[in-house]
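Hello,

Here is the structure we talked about handing over. Please open it first, then read my notes below.

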Amino acid sequence: MKQNNCILIGLTGGISSGKSTVSHIIKEKGYPLIDADKIAREVVEINKPAYIEIVKEFGKEILLKNKSINRKELGNIIFMDRISKERLESIIHPYIFQEIKNEIDKLSIYNSTIFLDIPLLFEQYELWKEYDIKFNEIWVVYLDKTTQLDRLMKRDSISKEEALRKMESQMDIEIKKAKSSKTIDNSGDMKFLEKQIDKLLEKLI
């Protein structure tokens with residue numbers, strides 16, 4: 001089933017798997033791509049409706065000197081308290097998903113295929129169904145765990161233990177691979193990566 005007469009493809013992966021690189025390549029090839037994380041940041045900008053509701057709920061103590069939300073402080077609050085986490089999500093989710101729907105509506109006028117970059121797509125899959133956003137396909141950017149661990153340690157300059165904790169906070173990459181429609185193997189060089197993406201894109205035409 002097509003949504004708004006276009007094909008909607010979810011793009012996901014594990015931490016340090018290279019999803020951002022794949023997103024960049026897809027955009028360079030002329031395909032529209034909606035960045036869910038970017039929208040999540042935009043809806044809580046100063047004086048936007050979600051921002052006003054969050055400040056009302058959690059108080060001005062969560063603000064930085066420039067009046068923007070201190071994400072680290074807010075993160076500490078919701079990490080320690082499940083109810084606070086649920087309150088925050090109940091505020092921001094409607095704005096995030098409505099904005100994503102608005103973007104889909106605009107892009108579908110002139111495009112037959114739209115990509116949606118979502119780091120935690122499977123972790124939050126029920127939410128996408130709840131907001132009636134249906135994916136025709138889901139592509140996962142994949143790395144075996146050993147390579148993923150090595151790249152994460154190098155990228156963030158962190159210990160093996162800390163890298164493992166970050167990886168374990170997400171769904172296992174093997175489970176994501178099994179749940180996905182298509183797999184993009186990012187264990188090789190850029191040429192190998194682009195070749196896979198080209199083959200997948202050709203099948204969409």
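**Sheet and helices**

Start with helix α10, residues 190-202. Helix α10 lies across β3, β4 (137-142) and β5. Its direction is at about 160° to β5. Keep in mind throughout that this is a predicted model.

Now the sheet itself. It is open and has five strands, in the order β2-β3-β1-β4-β5. The pairing is parallel. From one strand to the next, the twist averages 25°.

L33 has F115 of β3 as its bridge partner.

Helix α5 (residues 82-107) also packs on the sheet. The strands that α5 touches are β1 (7-13), β2 and β3. Between the directions of α5 and β2 the angle is about 165°.

Next, a helix pair. Where do α7 and α8 meet, and how do they cross? Helix α7 covers residues 145-156, and helix α8 covers residues 160-168. Their axes come within 9 Å and cross at roughly 115°. The crossing is right-handed. On the α7 side, the contact is made by K145, Q148, L149, L152, M153 and D156. On the α8 side, K160, A163, L164, K166 and M167 take part. By class, that contact has six nonpolar, one polar and four charged residues.

Best wishes

How values were computed:
Residues are numbered from 1 along each chain as its sequence is written. This is a predicted model: local features need pLDDT of at least 70, side-chain atom pairs count only at pLDDT 80 or more; totals for chains, interfaces and linings use all residues. Side-chain values use heavy atoms; hydrogens and water are left out. Two strands pair if DSSP finds at least two bridges between them. Helices (H or I, at least four residues) and strands (E, at least two) are DSSP runs, numbered from the N terminus. Axes are lines fitted to C-alpha atoms, for helices over the stretch in contact, and angles run from 0 to 180 degrees between N-to-C directions. Contact means heavy atoms within 4.5 Å. A crossing is left-handed if the near helix is turned anticlockwise from the far one by less than a right angle, and right-handed if clockwise. Ala, Val, Leu, Ile, Met, Phe, Trp, Tyr, Cys and Pro count as nonpolar, Asp, Glu, Lys and Arg as charged, and the others, Gly among them, as polar.
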